[in-house]
Amino acid sequence: MKNKGLAVPYVAWLAIFVVAPLILVLIYAFHDGSRFTLDNFRVMGTYAAVFGRSFLLAAIATLICILIGYPVAWFLAREGAGMRRIATILIMLPMWMNFLLRTYSWMSILENTGLLNTLFQKIGLISLVNGIFGTNYTYFSMINTQGAIVLGMVYNYLPFMILPIFTVIEKIDPRLIEAAQDLGANSAVVFRKLIFPLSVPGILSGVTMVFVPSVATFAISRLLGGGMVTLLGDLIEAQFLGGAYNPYLGSAISLVMMVIVLVCMAVMNRFGEGEEEAMLL
Amino acid sequence: MSKELIRLRDLCMAFDDELVLDHLNLYINDKEFLTLLGPSGCGKTTTLRIIGGFTTPMSGDVLFDGVRINDVPPYQRQINTVFQKYALFPNMNVFENVAFGLRMKRIPDPADPSGKRTVKLAEAEIEKQVLEMLEIVSLKGFEHRKPDALSGGQQQRVAIARALVNRPKVLLLDEPLGALDLKLRKDMQIELKKIQQQVGITFVYVTHDQEEALTMSDTIVVMDKGSIQQIGTPEDIYNEPKNAFVADFIGESNIIDGLMLQDKLVKIYGKTFPCVDGGFVLNEPVDVVIRPEDIDIVPVEQGQLVGTVTNVTFKGMQYDIIVDFRGFKWLIQTTDHSPVGAKIGVKIDPDGFHIMKKSEYSGKFGDYSSYSEEYDELSDVEALDETEEVAAAEGSGNEE
C-alpha cells in the first residue's frame, strides 16, 4: 500500500502494451485509412459463418473441458497431498512444452498416415469397419476436421478448466459436507445441493479461461484444421499478416468478437448468480 | 430421575499412533445437559464425533437406547450436530438452511394404508416447522438473509435451529460459542440452557471453557489425555475435585502438598489444620486444594500462616493477590487491597480445605509462581520468621 511506486512499471506496461493497442484497434475499426467510417461493420455479415463456427467450436470445446475437468478437479480435491502433487504435475506437464510443439505433435498423431491410423490398421480396426459398413477406407480422416480443432482446444486449455474448479472445491469446508450428512443428505444430495452450487464460481472462471482463447485461436485451426476450417483467429490474422491485408477490417472483426465475448461472459455470470439464487427459492 | 439414552463402552481411538481415547466409559441420560470439558487434545471432540457418527472408534461400542449404533451412518441417527463455526450452507438463506433436514426427511404416505410408501414433507408443513423453530431461536424475519449477512450470534442460532428442527433425541454441540465475544457468549449460554429445557432433549456439549460448563450443565465430564478425570454436577466438580488436574482446570486453585494425619486433620507447612475430609490412610501424603476465595486475610498476629504479597491485580469485583508462603505462591481473591511487599496473615476455615489423593497430576498444578516473577527477590525464604508464624497458627487454632 505504501509502495505505490512498485506498481509503476506494470502500470506503464499496461498503458503502453495493452491500453494503447486497444485504443488503436478501436480507432482502426472505425477508419478505412483515409476517413472515419462504418464500412468495416457493414461487410461483417459476410463473415457470419466464420463467427458462428468459431463460437460453436469454442463452446463445444468448453463444454467438453467442463465434462472432463470437473471430475478430475473433484478427484484432485479429495486426494491426499502426495497424490495431489503428482496429479497436478501431470496436468501441468504439457504446459511446460511449447504450445506449437504440442500442437504439431497432435498433427503427427492424427495424420492419415499418422500414429493413430497406423495403430488402427495394425489392430485391424480399419478393415473391421470396412467389413461392417462395406466401406473402403485405408485410413480415418481425423486431421483437418473440426473435430481435430476441438480436440486441440480441449487438449491445450483443459488445465485452465481443472485448476480453478479444483481451487473452489478444495476450499469447501468439510464441515459443510458433514453438516449436510448430519441432516440426512446422501452423497448425491450433498453434491447437488452443496458442492455443485458452491463450485459454480470455479466453473465460471474455468469457462472464461477456456472459451476466450478458444474463440480467438488461429494456431490450432491452422495446424489441425489445415486451413480447411477458417476460424475468427485465422480471419483476423489474414487481415494483418496475410494476403488479404486490411488492418481496418481486421480491427473491426476483433472488436465485434471482443464485444460478443464480453456479452457472453456477462450473461454467463448473471446466469451463474441466478443459479445460486434459484437454489434459494 | 431419567433413563439412560447413550452409553459409550470402552471406546478407544487413535490418530497416527497417538491415543486420543483411552478405554472411555460414559453414559448419558435422557433430557440431560452434559458437557465434555477439557483442554484441547483431551479427546472431547473425538467423543462427540463418535456419538454423531462422523468418526468410527477403533474399539468399543456406542449404544443408543440400548442398541449398538457403531455402524449406523450419521443421517440415520436420531442425533443432530451444531458444528464448530456453525457450518451454515453459504449458498442458501436462513430458511433453506433450517429447512434442509426437513427436505431430506421422508414420512409414511398417509394415502398408503400399508404404510410402506414414503413421501416428502409437504411444503406447507416444512414452512410451518421452520418458522416455528426460527421463533424459538428469536430469528423470525431473518428467513431470506444469507448466512454471511448475519452476525456471529445470529449464525449460531441458525445452526441450532437447523439441527433442532429435525426433532433429534440428542443435540451435539461442538464448542458452539467459541467464535462469539464475551458478552454475547454469556447471553447465549443462558439462552442455550433455556432452549434445551424448552425442547426437552439431551444436549451433549463440548467446550474447553470451564465457566461455560459450570453455567449450563447438569453433568460435567472433565477429560484429559483421552480419559475421564471426573464426572459430576457442577457443584460436585467445583467443590470436590478428584485430582489436581480437575481442581486446576475448574476455577482457580492453590494446590499444596500435605499429609493426612488422621480424619479431619491435615498437615501443611509443618502445621496442623482442621478440615472436613476423611477416609485416608494415616499419614497419607495428599494434595490439598484451597480455593482463592476461601482464604481470609487477617492481621499478621491472627494469621494461621503469614506470607508476603508479591503482586496485586485489580479484577473489578475483587483483587487477585499473589502471596508468597515460604517460596510457594498462592492466589488469593479478596475485596481488601493489600500493598505489594506487605506481610499478611491468612485464615482458612476447615471447609476451605479440599483433600485429594495423590495422582499423576500432583505437583504439576496449583502454583502461582509464574504470576509474579519480578517480585521473587522480595520473598527470601530464609528470612521468614517461623516462630512468629507458628505462634500465630497455634493462636488461631485455639480459637477453633
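**Close-up views of a predicted model**

Figure 1. Asp218(B) is 187 residues away from Lys31(B) along the chain, yet their C-alpha atoms are separated by 9.7 Å.

**Figure 2. Tyr269(B) in a loop between two strands of chain B.** The loop runs between β14 (265–268) and β15 (271–274). Tyr269(B) is not a glycine but has a positive phi, near 50°. Its C-beta atom has 18 others within 10 Å, so Tyr269(B) is classed as partly exposed.

**Figure 3. Asn144(A) in a loop between two helices of chain A.**

**Figure 4. The largest nonpolar core, which has 153 residues.** The members that touch the most other members are Ile165(A), Val98(B), Ala161(B), Leu171(B), Leu172(B), Val204(B) and Val222(B). Helix α8(A) gives the most to this core, with 14 residues. In chain B, domain 1 (4–239) and domain 2 (244–399) each supply at least three residues to the core. In soluble globular proteins, nonpolar side chains tend to be buried together.

**Figure 5. Contacts of Val98(B), one of the core residues that touch the most other members.** Leaving aside residues up to four places away in sequence, Val98(B) touches Val130(B), Met133(B), Leu134(B), Val158(B), Ala161(B), Arg162(B) and Val165(B). Among these partners, Ala161(B) is also listed with Val98(B) among the core residues that touch the most other members.

Figure 6. Nine helices and 22 strands are assigned in chain B. The C-alpha trace of chain B spans about 90 × 45 × 40 Å along its principal axes. Chain B has 400 residues, of which 42% count as buried. Among the contacts in chain B with a separation of 6 or more, 69% are between residues 24 or more positions apart.

Conventions. Residues are numbered from 1 along each chain as its sequence is written. Chains are lettered from A and ligands numbered from 1 in the order in which they are written. This is a predicted model: local features need pLDDT of at least 70, side-chain atom pairs count only at pLDDT 80 or more; totals for chains, interfaces and linings use all residues. Helices (H or I, at least four residues) and strands (E, at least two) are DSSP runs, numbered from the N terminus. A residue is buried if 20 or more other C-beta atoms lie within 10 Å of its own, exposed if 12 or fewer, and partly exposed in between; C-beta atoms are placed from the backbone. Two residues are in contact if their C-beta atoms, placed from the backbone, lie within 7 Å. A nonpolar core is a set of buried Ala, Val, Leu, Ile, Met, Phe, Trp, Tyr and Cys residues joined through C-beta atoms within 7 Å. Domain bounds come from an automatic or database domain assignment.
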